[in-house]
Amino acid sequence: MAISNKKEILIVGAGLVGPILSLFLSKRNYSCTIIEGRNDMRLEKVPDGRSINLAISERGLYALNQVGIKESILKEAIPLKGRLIHNVNDKTFFQEYGQNKNEVIYSISRSKLNNFLLSSSEKTGKVKIFFNEKCLDADLIAGNVKHKNKLTGKISVTSSSHIIAADGSRSLIRKKMEGINGFNQNIEVLDHGYKELIIPPNSNGDFMLDPNMLHIWPRKKYMLIALPNYDRSFTCTLFLPMKGPLSFESLKSSEDFSNFIITFFPDLVPYLKDFNKQFFIKPTGNLYTIKCQPWNVKDQFLLLGDAAHTIAPFFGQGINAAFEDCTILDELLEKFDNQWEKVFSRFSQNRKADMDAISEMALENYFEMRNKTIDPKFLIKKEVEFYLEHNFPNQFIPRYSMVSFNRIPYSICQKRGKIQEKILDKLCSNIKSASEINLNIAKNLINANLDQI
Ligand code: FAD
């Protein structure tokens with residue numbers, strides 16, 4: 001494999017980011033070669049325990065629309081209009097995500113999305129994907145990667161003027177960049193991990209829970225969530241400390257796990273038998289936050305998606321952010337007329353603050369989901385947020401909506417979110433419902449602190 005033409009780009013990794021990036025590039029008349037370490041996933045069964053569905057929202061959908069495949073993807077997506085909170089006393093209550101009917105997020109199958117992206121890339125005729133080619137090394141100065149075919153054992157070296165690393169959170173190219181002077185990296189392994197458990201369809205082949213909601217069982221120090229799948233099952237994700245008195249480590253026997261479900265998740269008892277079996281078979285996943293800088297080596301290498309920034313999954317923004325990377329890269333290619341060094345360095349400099357912001361907001365959202373969603377004060381604030389948004393549109397937009405239903409840069413969402421929180425603290429200190437808000441006081445506070453968006 002040799003890439004000689006300047007119009008040919010080498011991409012490492014055919015996960016979710018590699019193929020969508022190749023679609024953006026092929027629209028600009030670039031040819032792409034993608035090398036992927038795994039077998040072609042279109043030919044394989046999805047391994048148990050890998051995250052099988054994803055919540056996708058505006059940033060991801062916008063990118064899919066730019067490459068012309070949003071509508072096809074949405075055909076098999078399930079809209080989620082809010083969170084259904086399951087209390088420990090078996091009671092549930094619903095919290096809408098937004099107040100506008102279009103403000104929904106979508107649950108989609110990770111493997112279907114990946115497969116569709118792979119096939120769409122190949123259909124362009126400008127993208128070649130080589131599977132079972134595991135990248136072993138990269139020469140950051142000469143601009144090449146060494147890779148080994150897992151089936152034949154053959155080792156090849158492929159060079160290209162521009163190499164984009166979409167090789168995920170354990171990126172080999174990022175590892176190589178550790179050796180560069182001035183490269184900073186911070187890898188934080190979270191204390192909490194996750195395990196995925198499936199609620200199958202019922203005997204009529206239908207959903208066991210309402211499919212148009214994200215189900216949350218908030219239990220303060222941990223939580224369980226469930227997202228619907230197109231085959232009418234649900235994927236539940238149990239987030240729990242890795243170690244400690246109640247943790248993945250402490251749940252050693254079937255009895256421990258049964259007691260845990262019976263005590264803290266009584267409405268999940270009907271699924272207990274199956275859950276118990278799954279709990280001890282399925283792998284426990286670690287969660288990371290990875291921040292690094294710079295993301296590029298001149299115009300030769302660029303890290304993209306999880307390779308550049310791995311964030312915790314609690315805002316459902318990892319793939320949305322990674323797809324937005326591709327939109328932004330495409331806009332920079334347009335702006336700088338394909339001058340790659342400028343494109344790579346601007347991307348690396350400008351995008352970093354936004355990714356740091358969503359990385360922090362994702363961790364805050366874990367606390368919000370497992371702790372605050374049952375706090376009456378938080379619920380009043382949510383009600384007031386919608387009331388203010390209704391009365392001061394384009395000026396007060398709830399943080400969740402700025403992140404999920406808009407493409408406002410993440411750092412601005414974070415900054416405005418903090419200001420809005422202070423406004424809410426002032427307005428909500430002594431009220432029991434949004435109808436008690438004095439709109440004149442609210443207007444003065446908002447005008448004094450927030451510009452129009
Ligand atoms: P990956 O999807 O990891 O793809 C990397 C690819 O590179 C893989 O195919 C891999 O085989 C290949 N590769 C790796 N190393 C090599 C090598 N040396 N040589 C060749 N190929 C290589 N995001 C959301 O937006 N919404 C959600 O609801 C959501 N839920 C999540 C739930 C969990 C539990 C987790 C862990 C993450 C979740 N995410 C979510 C985040 C999302 O999964 C990631 O942001 C996304 O997968 C990143 O895509 P990527 O292409 O950068 O990396």
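Predicted model: local features only at pLDDT ≥ 70, side-chain atom pairs only at ≥ 80, totals over all residues.

Trainee: Understood. How many residues surround the ligand, and which are the closest?

Mentor: The ligand is surrounded by 27 residues. The closest are Glu36, Arg38, Ala55, Arg110 and Ile319.

Trainee: What classes of residue does that shell have?

Mentor: The shell has 10 nonpolar, 10 polar and 7 charged residues.

Trainee: What lies 3.4 Å from an oxygen atom of the ligand?

Mentor: That is a backbone N or O atom of Gly15. For Val17, a polar backbone atom is 3.0 Å from an oxygen atom of the ligand. Gly318 also has a backbone N or O atom 3.3 Å from a ligand oxygen atom.

Trainee: How much of the ligand's accessible area does the protein cover?

Mentor: On its own the ligand has 1,000 Å² of accessible area, and the protein covers 86% of that.

Trainee: You mentioned S9. Which strand is joined to it by 6 bridges?

Mentor: Strand S10 (residues 144-149) is joined to S9 in this way, and the two run antiparallel. Within this pair, Glu133 stands opposite Asn149 in S10. The hairpin of S9 and S10 has 4 residues between the strands, and Gly143 there takes a positive phi near 80°.

Trainee: What about S10 and S11, how many bridges do they have?

Mentor: S10 pairs with strand S11 (residues 155-159) over 5 bridges, in the antiparallel sense. Val145 stands opposite Thr158 in S11. This hairpin has 5 residues between its strands, and Gly153 in the turn has a positive phi of about 80°.

Trainee: What holds paired strands together, in general?

Mentor: Strands of a sheet pair through backbone hydrogen bonds, either parallel or antiparallel.

Trainee: A change of topic: in what order do the 6 strands of the open sheet come?

Mentor: The order is S6-S5-S15-S16-S17-S14, with mixed pairing. Strand S6 (92-96) and strand S14 (192-199) are the edge strands, each pairing on one side only. On average, neighbouring strands of this sheet are turned by 20° against each other, direction ignored.

Trainee: Within it, how do S15 and S16 pair?

Mentor: Strand S15 (residues 214-218) and strand S16 (residues 223-228) pair in the antiparallel sense over 4 bridges. Pro218 has Met223 in S16 as its bridge partner.

Trainee: Finally, which helix lies across S14 and S17?

Mentor: Helix H7 (residues 272-281) lies across S14 and strand S17 (234-241), and H7 runs at about 135° to S14.

Methods. Residues numbered from 1 in each chain as written. Heavy atoms only, no water. Near = heavy atom within 4 Å. Polar contact = N/O pair within 3.5 Å; in protein donor to acceptor, adjacent residues only side chain to side chain. Areas by Shrake-Rupley, 256 points an atom, 1.4 Å probe, with all protein chains shown as cover. Nonpolar A, V, L, I, M, F, W, Y, C, P; charged D, E, K, R; others polar. Pairing = 2+ DSSP bridges. Axes fitted to C-alpha atoms, helices over the stretch in contact; angles between N-to-C directions. Contact = heavy atoms within 4.5 Å.
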